Structures are given as C-alpha cells and as structure tokens.
Amino acid sequence: MSAMTALANQLRSAFFLASRDAYVKGAFVLPALLAVSTILLVLLFPDANMHVMFESGLLGIVRTGALFGTCLAMAGIVTHDVSSGGLRAAVLAERGRGGYVASRVILALVLAVLLGVWSVLLGMAPLLGPRVVFEGMPAGELALRVAAHVLVGWTYAVFGMLLLWLARSPRGFASAFFAAVILGAGVLNALLLVPVAVLIPLSQELAFGAIQLIVPILPSSLLGDAFVADARLVVLPIAYVIVFWALSRRVMARAPL
Amino acid sequence: MNAIETSRLSKSFSHGTVRAVRDVSLAVPAGSVFGIVGKNGAGKSTLLKLISGLMRQEAGTVSVLGRRLRPCESDSRLGVLVEAPAVYGRLDAFENLMNRALVLGLPDPKKACREVLELVGLDARAAGDGRRRLLWPRGSYVDDLSTGQRQRLGVALALIGHPEVLLLDEPLTGIDPTGVADLRALLVRLNRERGITIVVSSHVLADLERMCTHYGIMRDGALVRTLTAEGLADACATYLTLRVDAPERAVAVLAEELPGLTVRVLPDGALRVTAPGGGEPDRAVLAQVLLAAGIAVTELAASTPDVEAELVRLIDDAATEKGR
C-alpha cells in the first residue's frame, strides 16, 4: 500500500471520528453561544442603530472558534484516541503510526479553517439587521487577522496533541478541557519565553536581547494589536507545525500501545 | 513459508529488571492454529504485542508472511486482538467497525461491517446502526455492552478486512458458554476453509485442545517448548511408570529387546514407557524381559493423561527430561 493511500485511509477515519465527536460538536457550539447575545440584540431592537467594532464583535468570536475551539476539538479527539483502545485501531495498519499522526495534523488544519469560517459567519450574522454597521479595520486586514487566528489555532492544536501523546494518559473531559484552556491561553508562548526568564537574573542585557529575538517569533505576535501583515503570518505557523509534527512522529513511532 | 517468524525477540521492562520476553525464536507454520500457553506473566501478551507492532522490541526481528517488519511496524494482513478490544467507548459497535474498515481502506466498509457482525454473532440491537446523530446520540455505546459483547466486537475488529493471520489474546474471555462454542467453531472454520493462520493464547486449555494444531509453551518470558498436536497426543498416550533397581541398565535392555517402545528416565529416577500408536505397552512382556535381565521391578502402574494435564505438566516442568 502506498504512503498516499495509507494517509487517505487514515484521513477518512479521522473525519469519520471527528463527525461523531462531542468535543468537535462543542467547538462549533461555543462561538455560536457567544454570537447569540449580539444576534438577540438585533432581533429584539430592530430599529436601533448598532455600531459593532470588528475587534470586539467579530474577532472575539473568531478567537473563540478558530483558536480555542480548534484546541478543544483536537484535544478531545486525541484524548478519546489515547484513553480508549481506539488508537490501536489506527496504528494496526501499514504505515499506521505515521499516518495516524499526519491525519490528526491535517484534521486540525481542516477544523481550524471550518471553525474560522463558521465564526466569521456567526460574527457577520448581525449584519442581517437593517441598521447594523460594522466599524474598524479594512476588510483586507480583517481577512488576514482571521487567517492569523486560524493558523495560530492550528499551531496551538498541534502542540497540544504533541503534549497529550507525550503524556499518553489523558482521561476524559477534564484532561481535554484543561489542555484546551492552557493552549488557548498561550502556554506555548509562555514556554518559548522561558529562556528570557532564565536570563533575567543573570544579565538584563542578554535578557533584553533574547526578548528582541523571541517575541517576533511567538505565535501570539500574529494576533492582537501587534499584528503586522507580512510573511510571518504563514511561515511562522507552518514552521512550528513542521517541528511539532516531526516530534509527534518520533514520539508515536516508539510509543507502546 | 511460515506465517510468522521471530528471531531472538526480547523485551524487558523497569530498566531491564523484568525480562518479559527472552530470546524468543518462533516459527508459526502457515495455515496452522498455534496455541501459546503459559502461566500468568509468562510473556504471552507481550509476545503478541511485539509481533503485532504495538510494542517495540529491544532485540530480535519479526517477519509476517515473509516480510520483515521494522520495530513498532504493523501489517494490514494481521488481525489483532490483544488484551482489551481496541474500541472507542462512546461509539457503537458498528461505528467502531466502520472506523477500522476505513483505516484498512476496504472498498465497501458497511457491507464488511455487517458481514463480520453476523460472523461473530453480535445482534443488531447491540451493534447499533452507525448513523450519525447531530445531538448526543442514543444507541448502544460500546461502553454499555457486556464483557462478552465487547469481546465479540474485539474478535470482529480482528476479523474485518479478511486478514491472513489472526493474533488473538484470550479471545474467549468473558463470553457465555454457547458463545464460546460458536466462536471456537468459527475460528476452526476460518482456519480450515480460508486457510487463515491463527495464533491464540488462552488459559482455558480445553478450548485450545479443540482448536490447535501446534502449541508453544512459554515460561518466564522464554519459549521453552514447541510441539504439534500429534506430538501432544503422543505425550498423552497411555504409559507405564516403572521403578527398577537399575534404571540405566533397564533402558539399555528394553532398547535391545523391545526396540519399538519409547523409554524415558524421569527426574525422580522412574521410567516412563510408551508404545507406538498410543496403546498401552504389554506389562507382562515388559516385566518378563526385565526380570530375565536380573532387574527388579518395584513399581508398575499405567496412566492415561488428558491433554490439559499434559499441558500443565509441560508448563510446570522445569527440568529437561532424559532419554528424549
């Protein structure tokens, strides 16, 4: 069986499982809950002039969906894989271990995109109200910001999967939710800043230098007020995902199941 | 060609202090039903995990149907049930089978699932229908199935995709007696009709006796003995136990005067005598020959062990028997 065929089979299995996973369903529900309040206002006060800021109105929902939602969905899927015997069903095939990891990484990207699109649609729903106006950044910048959230959500989710595969003992809702929360809160960024924390008591100059080097490559640098539309938007997440993917392959290649 | 070959397979735990599998070199003939027997902790499950690629060996190689596998590599031609069934508890049985069918790339996964569910006797209500539900689904989660039903599902997961080799670790555990008989008959039928090689471990030796064509005895991680079902049957032939005053001379005399008999000196110095074809050796002729040679016979008794007793003896036997 060729590598592409094996990967295609693993992907079909991954999408099949994702379509039935409660965490994935929850990930789509969460941004909807957030959007409900705005939509209710539009419905209850159709004659009111509403000015909605993109940053607070739309990007807040995108952050919940594409970022936290992707982390929750993938943490839940991997928790189910590891805590049940289901993981064996995936690896007991040719190229099973590598295919399993690749399928989950690809699934994370697909879910991040779907959740991003879903969040945007939810965020734009208030526009159905006749007097609703969106204000803030230009449409082009808004699209790039949404893309940044999708790609950073993908990065965080793949990092979270690596952590869960390393732990190999997550159990149930608590594990998955805790993983999603710390990932969404940016634990990856905190870990990348550890060298700075180590250097501060030794040399403030070195620590400042380290900050200059590390901050631009933090995934969180693609979000928020410091957003700059450049090549880092795509290169940085892909670079992180490649590293985490390679580490995950190595971990899973040797893990006893 | 052997279905499975291992060469000096080894695995230890706890930084080498527990040697779970020690230098196991195993050859499972294609088309056989190979039973692995041994006490708890003998290394049976670990051996099956190493062969199936679920665990990485420290040394040695594994070949499946002529293809050498890398450590932790699996083969789609293997159907595996080791320890607990590999299932997602919050899906129904049909969905679990569908998932496995998709991983294997089967052309018609739903049909394959229905066929294998019928084979293992898991009824439609227990299996569920695999339909996707938007909200929290109702139906038979695998978590809600009985132990026996879960075990049947585990066998189904091993069978789906028409594997050429089955690795089954205690496949009949937890199943009701009728189900045991049905599944055992199924395994025998799959072996006889489709030529599927089956490697099965079980504590219930009576179950193995009804299925196996070959046996491997494991003790303390090592494969101490392999024998065929015919060899086991010979070992279970009626035999005479003699106590004589000169065992070595008695062996020589019997070898010369009655060359058709098989004589072994047991660890306690007694002689065990079997006749070709499994019948009881003629006591009168035996005693006459020994007495004529001036050898006194102090004890003479006949025994007919059953397979289970013989297997237990083989498992417990710690010494190499002389004269074999």
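Domain bounds, as I use them here, come from an automatic or database domain assignment. For chain B that assignment gives domain 1 (2–228) and domain 2 (237–304). The centres of domain 1 and domain 2 of chain B, taken over C-alpha atoms, are 44 Å apart.

A word on the source. This is a predicted model, where local features need pLDDT of at least 70 and side-chain atom pairs count only at pLDDT 80 or more, while totals for chains, interfaces and linings use all residues. Residues are numbered from 1 along each chain as its sequence is written, and chains are lettered from A and ligands numbered from 1 in the order in which they are written.

Staying with chain B, its C-alpha trace spans about 90 × 45 × 35 Å along the principal axes. Chain B has 11 helices and 14 strands; these are DSSP runs, helices being H or I of at least four residues and strands E of at least two, numbered from the N terminus.

Now the two chains together. 28 residues of chain B are in contact with 28 residues of chain A, contact meaning that C-beta atoms, placed from the backbone, lie within 7 Å. Which elements give two or more residues to the side of chain B that touches chain A? They are β6 (78–81) and α2 (93–104) of chain B. The largest share, seven residues, comes from α2(B).

Next, the interior. A residue is buried if 20 or more other C-beta atoms lie within 10 Å of its own, exposed if 12 or fewer, and partly exposed in between, with C-beta atoms placed from the backbone. A nonpolar core is a set of buried Ala, Val, Leu, Ile, Met, Phe, Trp, Tyr and Cys residues joined through C-beta atoms within 7 Å. The largest has 143 residues, and those with the most contacts inside it include A:V158 and B:L97. Helix α3 (residues 54–83) of chain A gives the most to this core, 15 residues. Apart from it lies another core of 11 residues, B:Y239 and B:V273 among them.

Last, one helix. In α7(A), A:A176, A:A179, A:A180, A:L183 and A:G184 are buried. Why do they share a side? They cover an arc of only 120 degrees around the axis, which puts them on the same side of α7(A); the arc is that of the directions from the helix axis to the C-beta atoms. On the other side of α7(A), A:A174 and A:F178 are exposed. Just after α7(A), A:G186 takes a positive phi of about 95 degrees.

Methods:
Contact = placed C-beta atoms within 7 Å.
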